[in-house]
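These are my notebook entries on one structure. I record here what I looked up, entry by entry.

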Amino acid sequence: MKKDFLTYQAQTTPHPLGIEVERAKGSYIYDTSGKAYLDFVAGVSACSLGHLHPKVVDAIKQQLDLYMHVMVYGEYAQQPAIEFSKLLAEHIEIENATTYLVNSGTEAIEGALKLARRYTGRQEIISAHRAYHGNTMGSLSLMDFEERKKPFYPLIPDINHLHFNAVADISKITTKTAAVILETIQGGAGFIEPQNNYLQKVKERCKEVGALLILDEIQPGFGRTGHLFAFQKYKVTPDILVIGKGMAGGMPAGAFVAKNEIINSLSDHPKMGHITTFGGNAIIAAAALATLKEITSSTLMQETLEKEALFRKLLQHSLIEEIRGTGLMLALIVSSEEVANDLVLKAQEEGLILFWLLFEKRAVRITPPLTISDQEIREGCKKIIQLLDEIEKKPVN
Ligand SMILES: Cc1ncc(COP(=O)(O)O)c(C=O)c1O
């Protein structure tokens, strides 16, 4: 399988992890030899309810008996998409919250950027240094890493940057700014939380100058931080909310949400200012609805904080300098990039899935399913400590 994977599928890195997957259930992935891997990554925060959650599977099966795809987004009234959007509106503070459903995180970012320009009539977008918002042209344009962007030039113009958490930079937001886009918690940068009411200060400035605040909750969203969305923790409400990843319990989905008056500006001048074929697809929307119902009606969100405390208690080692993040969005900051690499690769050999962060090379990602049990957390953390002990004893070259 691996040989064909490397031959016929386009690769994103020269050294993919390459587990030959047979099946997955709960917090485990199983390879074709039957080896079990405890999943501390959840498809990079996407499998919020673990693998094959019965309620998500049932919702998909029930919808499969009715219909799959009947029309492009926005033409027909379809129950799963309507119910999802309605339930979402009940759980967020955005007034008259209205949802535009798309297929992925980066597509939702593209939609949000277009909406901000269309609604304000302005061009400038301000994003943060070390931000990650996806990989299509618009999302890529928001990044400040020249080496990642340059081969794809020209990207979209009128993007400027501020430093996340730097209050002095807020004055860069002016009456020329259409929108400021920030990850509520910076992911790729190393799970950096906003400090000292930073987001509230940004929001106030946006209000003053008539710019919109877009919060990218693609990673922290859907219960991972102990709140449905992290902006609820920091008590600031975005003008445009962008969601994805954990939204549909492991199915591909994304959306951007804003108050009715803002988001409906995409439906006229020009008509069909944003369109998509599969956005709101009935199967995906049924999965998203089941996921949202489960997260909002169970104790999973509050358990997230108890599970964080357990991780923090168990993960104490001289090679771990810091544990960043909140809830089940945690990053171990280890003593060097080499230690981070060794840990991720050796953990896989030992049947534990860990992963890296994009820009913080000393970080090891821990973003398990919200459904992970205390017993599974103990099992995985024990392996991490044992591996760090081995790495520490390894002779230095
Ligand atoms: C914060 C954030 N924004 C946007 C994206 C892009 O989402 P997708 O990969 O679904 O396009 C990601 C993906 O990792 C992300 O973490």
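**Entry 1: Helix H13**

I began with the buried residues of H13, which are Val339, Ala340, Asp342, Leu343, Val344, Ala347 and Gln348. Buried means under 20% relative accessible area, exposed over 50%, and partly exposed in between, with a 1.4 Å probe and protein chains only. Helices (H or I, at least four residues) and strands (E, at least two) are DSSP runs, numbered from the N terminus.

I noted that this is a predicted model, in which local features need pLDDT of at least 70, side-chain atom pairs count only at pLDDT 80 or more, and totals for chains, interfaces and linings use all residues. Residues are numbered from 1 along each chain as its sequence is written, and side-chain values use heavy atoms, with hydrogens and water left out.

I then looked up what covers the buried residues of H13; the cover includes strands E3 (36-39), E12 (329-334), E13 (352-353), E14 (355-356) and E15 (363-366), as well as helix H14 (374-393). Contact here means heavy atoms within 4.5 Å. H13 spans residues 337-349, and its 13 residues reach 19 Å from first C-alpha to last, close to the 18 Å expected at 1.5 Å a residue. The expected span is 1.5 Å times one less than the number of residues. Gly351 follows H13 and has a positive phi, near 85°.

**Entry 2: Helix H5**

H5 (residues 105-120) has 16 residues and reaches 23 Å, close to the expected 22 Å. Its buried residues include Gly105, Thr106, Glu107 and Thr120. At the N-terminal end, Ser104 caps H5, with a side-chain oxygen 3.3 Å from the backbone nitrogen of Glu107. Gly121 follows H5, with a positive phi near 70°.

**Entry 3: The ligand**

Which residues are around the ligand? I found Ser104, Gly105, Thr106, Tyr132, His133, Gly134, Glu183, Asp216, Ile218, Gln219 and Lys245. The criterion is a heavy atom within 4 Å.

A ligand nitrogen is 2.7 Å from an N or O atom in the side chain of Asp216. A ligand oxygen is 3.4 Å from such an atom in the side chain of Gln219, and a ligand oxygen is 3.0 Å from one in the side chain of Lys245. The protein covers 80% of the 390 Å² of accessible area that the ligand has on its own. Accessible areas come from the Shrake-Rupley method with a 1.4 Å probe; for residues, only the protein chains shown count as cover.

**Entry 4: Two loop residues**

Thr184 lies in the loop between strand E7 (177-183) and helix H8 (198-209). Its side chain makes a polar contact with the side chain of Glu217 (2.8 Å). A polar contact is a pair of N or O atoms within 3.5 Å; within protein, one must be able to donate a hydrogen and the other to accept it, and residues adjacent in sequence count only if both atoms are side-chain atoms.

Ser48 sits in the loop between helix H2 (42-45) and helix H3 (54-64). Ser48 is buried because its relative accessible area is 2%. A polar atom of the Ser48 side chain lies 2.7 Å from the backbone oxygen of Gly246.

**Entry 5: The whole chain**

The protein chain has 14 helices and 15 strands. Of its 397 residues, 54% count as buried.
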